[in-house]
Amino acid sequence: MNVTDPARPDASLGYQVAHLARLLGRELRTRLEPFGVGAAQFVVLVELYHQDGLTQTELRARARVEQPTMANTLDRMERDGLITRRPDPNDRRRSLVVLTSQAHDLRPHVTEAVEAGNAAALQGLDPARIDQFMATAALMIGNLNRRE
């Protein structure tokens, strides 16, 4: 199959990945909505669950979004009681973004919702195929990240 033929949606890598991203995004939004977590907030939560106390600049770089987008997301999350901003003890010019107890309490619910959404997308695939897909996706992401 020629995966570079843009005239055939079923053979176009870009089309298939974009379509998958839209569908998976919709699935995750639907599952996260009951907890008051949007897609942009989910990305920040995942990063802070992994490493709490990042700066806005670090979060922006990890999420690969523009600074105003991250600022707006963090403002909403602070308004909703999910994060606080604290002065960095090592550099008073910077603030650290820290999860609140409310955000920590949401973690099992967010994790369960995302696992269910992922399971829906991966239904019918054996573990070896999932591992191969994840490795291939990581390689393609790395290829494109190097171009930036």
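Q: Which helices and strands make up this protein, and in what pattern?
A: The protein has 6 helices and 3 strands; helices are DSSP runs of H or I with at least four residues, strands are runs of E with at least two, and both are numbered from the N terminus. Read along the sequence, they follow the pattern α-α-β-α-α-β-β-α-α. This is a predicted model: local features need pLDDT of at least 70, side-chain atom pairs count only at pLDDT 80 or more, and totals for chains, interfaces and linings use all residues.

Q: What makes E2 and E3 a pair?
A: Two strands pair if DSSP finds at least two bridges between them. E2 and strand E3 (residues 91–99) are joined by 6 bridges, so they pair. They run antiparallel, and a hairpin links E2 to E3 through 2 residues. Ile83 stands opposite Leu99, Arg86 stands opposite Leu96, and Asp88 has Asp91 as its bridge partner.

Q: Why do E1 and E3 count as a pair too?
A: E1 and E3 share 2 bridges in the antiparallel sense, so they meet the requirement of at least two. Thr55 has Leu96 of E3 as its bridge partner.

Q: Which strands stand at the edges, and why is one side of each left without a neighbour?
A: The open sheet has the order E1-E3-E2. Strand E1 (54–55) and strand E2 (83–88) are at its edges; each has a single partner strand, so one side of each lacks a neighbour in the sheet.

Q: Which helix lies across the strands, and at what angle to E3?
A: Helix H2 (residues 39–50) lies across E1, E2 and E3, at about 100° to E3. Angles run from 0 to 180 degrees between N-to-C directions, with axes fitted to C-alpha atoms, for helices over the stretch in contact, where contact means heavy atoms within 4.5 Å.

Q: What lines the largest pocket?
A: Its lining has 45 residues, with Leu20, Leu24, Phe133, Ala137 and Ile141 nearest the centre. A pocket is an open set of points on a 1 Å grid over the protein atoms alone where a 1.4 Å probe fits, with protein on both sides within 12 Å along at least five of seven lines; lining residues have an atom within 4 Å of a point. H6 gives the most to the lining, with 12 residues.

Q: What does the lining of the largest pocket look like by class?
A: There are 29 nonpolar, 10 polar and 6 charged residues. Ala, Val, Leu, Ile, Met, Phe, Trp, Tyr, Cys and Pro count as nonpolar, Asp, Glu, Lys and Arg as charged, and the others, Gly among them, as polar.

Q: What makes the phi of Arg64 worth a look?
A: Most residues other than glycine have a negative phi. Arg64 has a positive value, near 55°, and its place is in the loop between H3 and H4.

Technical notes
Residues are numbered from 1 along each chain as its sequence is written. Side-chain values use heavy atoms; hydrogens and water are left out.
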